[in-house]
Amino acid sequence: MSYALRHPDHPAKLILCCTAASPSKHAIQVEVFERLGGAEAGAAARSFLENPTPEAMHEFWRLCGPLYRRSPYNPESDARTIWNPRLMAEFRRGERETMNFLADLHLIKCPTLVMAGEDDPMTPVPCSEEIVAALPAHLVRF
């Protein structure tokens with residue numbers, strides 16, 4: 001979104017998959033985590049989303065991490081991932097909560113495919129619906 005807004009004549013097409021254009025929708029995210037993992041997962045998500053301390057992140061990954069996939073967790077799948085908890089927490093407290101592309105999305109000039117997953121707890125369907133509503137209707141496919 002950012003690139004397409006900065007350089008509107010450059011992209012020929014755009015795919016926005018499981019993303020958001022405005023600050024987090026904590027209440028909706030918590031609802032999805034609760035639906036997928038129960039009240040305990042919802043509480044862990046709420047705690048982490050509202051205050052991403054190392055302790056809250058640990059509980060979040062313990063209870064909510066398995067909800068990110070439908071197949072059983074394979075520890076080897078994350079073997080090449082380098083986690084930076086401090087950077088994640090700073091992003092969640094800062095830029096993630098202040099970015100907002102919605103007012104400018106009407107300036108996008110290329111055909112745009114917007115995709116969402118009904119069980120995506122971090123970028124739930126309403127995030128994509130918000131993007132679709134802000135894009136030029138003749139250019140968007142949801």
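These are my notebook entries on one predicted protein model.

**Ground rules**

I number residues from 1 along each chain as its sequence is written.

**Entry 1: the overall build**

I looked up the secondary structure and found 7 helices and 3 strands. Helices (H or I, at least four residues) and strands (E, at least two) are DSSP runs, numbered from the N terminus. I read the order along the sequence as α-β-α-α-α-α-α-β-α-β. The C-alpha trace spans about 45 × 30 × 30 Å along its principal axes.

I then checked burial. Of the 142 residues, 35% count as buried. Buried means under 20% relative accessible area, exposed means over 50%, and partly exposed lies in between (1.4 Å probe, protein chains only).

Next came contacts, meaning heavy atoms within 4.5 Å. Among contacts with a separation of 6 or more, 70% come from residues 24 or more positions apart.

**Entry 2: strand E1**

I followed E1 over residues 14-17 and saw its side chains alternate. Leu 14 and Leu 16 point to one face and are buried.

Which strand is joined to E1 by 4 bridges? I found E2, residues 112-115, and the two run parallel. Strands pair if DSSP finds at least two bridges between them. Ile 15 stands opposite Leu 113 in E2.

**Entry 3: aromatic rings**

I searched the whole structure and got 6 aromatic pairs. One of them is Phe 60 with Tyr 68, edge-to-face, at 6.4 Å centre to centre and 80 degrees between the planes. Rings of Phe, Tyr and Trp (its six-membered ring) pair if their centres lie within 6.5 Å; planes under 30 degrees apart count as stacked, over 60 as edge-to-face and the rest as tilted.

Are these two partners buried or exposed? Phe 60 counts as buried because its relative accessibility is 1%. Tyr 68 counts as partly exposed, at 36%. Ring pairs also link Phe 33, Phe 48, Phe 60, Trp 61 and Tyr 68 into a cluster.

**Entry 4: Ser 128**

I located Ser 128 in helix H7, residues 125-134. Ser 128 has 1% relative accessibility, so it counts as buried. What does Ser 128 touch, not counting residues up to four places away in sequence? I listed Thr 19, Val 114, Met 115, Ala 116 and Phe 142.

Note on methods: Side-chain values use heavy atoms; hydrogens and water are left out.
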